[in-house]
Amino acid sequence: MADLNLQEIRDTLVVVAHEAGRMILSANPTDISQGTKLNSTDIVTETDKAVEDHVSKRLSEAYPSFAFVGEETYKPGVQVTAAPTFIVDPIDGTNNFVHAFPHACISLGFAVDHVPTIGVVYNPYLDQLYSAIRGQGAYLTEGAIWGLEGGQGRRTKLPFSKHPPALAGLDTTLVAIEWGAARDGPNFELKTEVFKRLAASKENGGSIVHGFRSLGSAALNLCAVAAGQLDIYWEGGCWAWDVCAGWAILAEAGGIMAGGNPGVWNPRVDDRKYLAVRGAPSGQKEIVEEFWKVIGDKKLDYDS
Ligand code: IPD
Ligand code: CA
């Protein structure tokens, strides 16, 4: 790691994210060709492929010795290695993209020794760019492309609150969840059961969380937890490219990433089951354990 220029890599990723953002904004989702993968909810468009093609060319020119894992060129069974690796989702939130719902992003992660080390997540619709380098803090830069602050954008350190409150229990939390692409089988049953238990009143044996939010993009959910706008994000079924960049940002904002199944404190970047918790002066470990109790004895199970 010592000989890697992390600042330069992050700056390159920001330039590439802005290029990708322009490609996403210039595509008209109603005119472009679409296909599906797992089922009708798992959409891939020509823009996803074109953006990944552009990003992989740009990054392999700039850093020819680094590995590259991207959603649209991923071969089943390939695992993230300890080598410096770009882990890229060209459009995270493809469902939002095709519905013109303005919460899709490009998610550019960089892992070293399996550790998410740099993250750049850019939502071009809102000109919001989240970024972090391990050990150097996490930031949101807004409006750089729109020309705010002389083109530098408005930069805010994450989390937004200088004094985030302690985590006091699930009944005080706003929780991100996603349905994901798989809509049947034991994983789907477990997810819906956990959603129900989290929402239900205490009298009904539930946790009565404040509410659920689904931004439709794992990367943007993680950034919202990093910012402190959401307290928790639980998901099973997403992939390393959905979480690598957001994870680096979360960690630098004081958040933690536990496993989506009980007992896993240090999930792999490609574990596919995650529980993210925002930064807080106390209560992180306790809230993870409280959440795991809600999951109970069953386990999410995804191929990786
Ligand atoms: C999806 C989004 C979604 C999550 C799915 C992902 P995609 O990625 O991140 O929030 O629930 O598991 O696959 O398909 O929009 O790149
Ligand atoms: Ca995607």
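Q: Is E289 buried, partly exposed or exposed, and why?
A: Buried means under 20% relative accessible area, exposed means over 50%, and partly exposed lies in between (1.4 Å probe, protein chains only). E289 has 33% relative accessibility, so E289 counts as partly exposed. This is a predicted model: local features need pLDDT of at least 70, side-chain atom pairs count only at pLDDT 80 or more, and totals for chains, interfaces and linings use all residues. Residues are numbered from 1 along each chain as its sequence is written, and side-chain values use heavy atoms, leaving out hydrogens and water.

Q: Which side chain does E289 meet in a salt bridge?
A: A salt bridge puts a side-chain nitrogen of Lys or Arg within 4 Å of a carboxyl oxygen of Asp or Glu. E289 meets K285, at 3.4 Å from N to O. K285 is partly exposed, at 49%.

Q: Where do E289 and K285 lie?
A: Helices are DSSP runs (H or I, at least four residues), and strands are E runs of at least two, numbered from the N terminus. Both residues sit in helix α7 (residues 284–295). They are 4 residues apart, so about one helical turn separates them.

Q: Which residues are joined into one network by salt bridges that share partners?
A: R268, D270, D271 and K273.

Q: How many salt bridges does the structure hold?
A: The count is 11. One of them pairs E19 with R58, their closest N and O atoms 2.9 Å apart. E19 is in helix α1 (residues 6–26) and R58 in helix α2 (residues 46–62), so this pair ties together parts 39 residues apart in sequence.

Key
Chains are lettered from A and ligands numbered from 1 in the order in which they are written.
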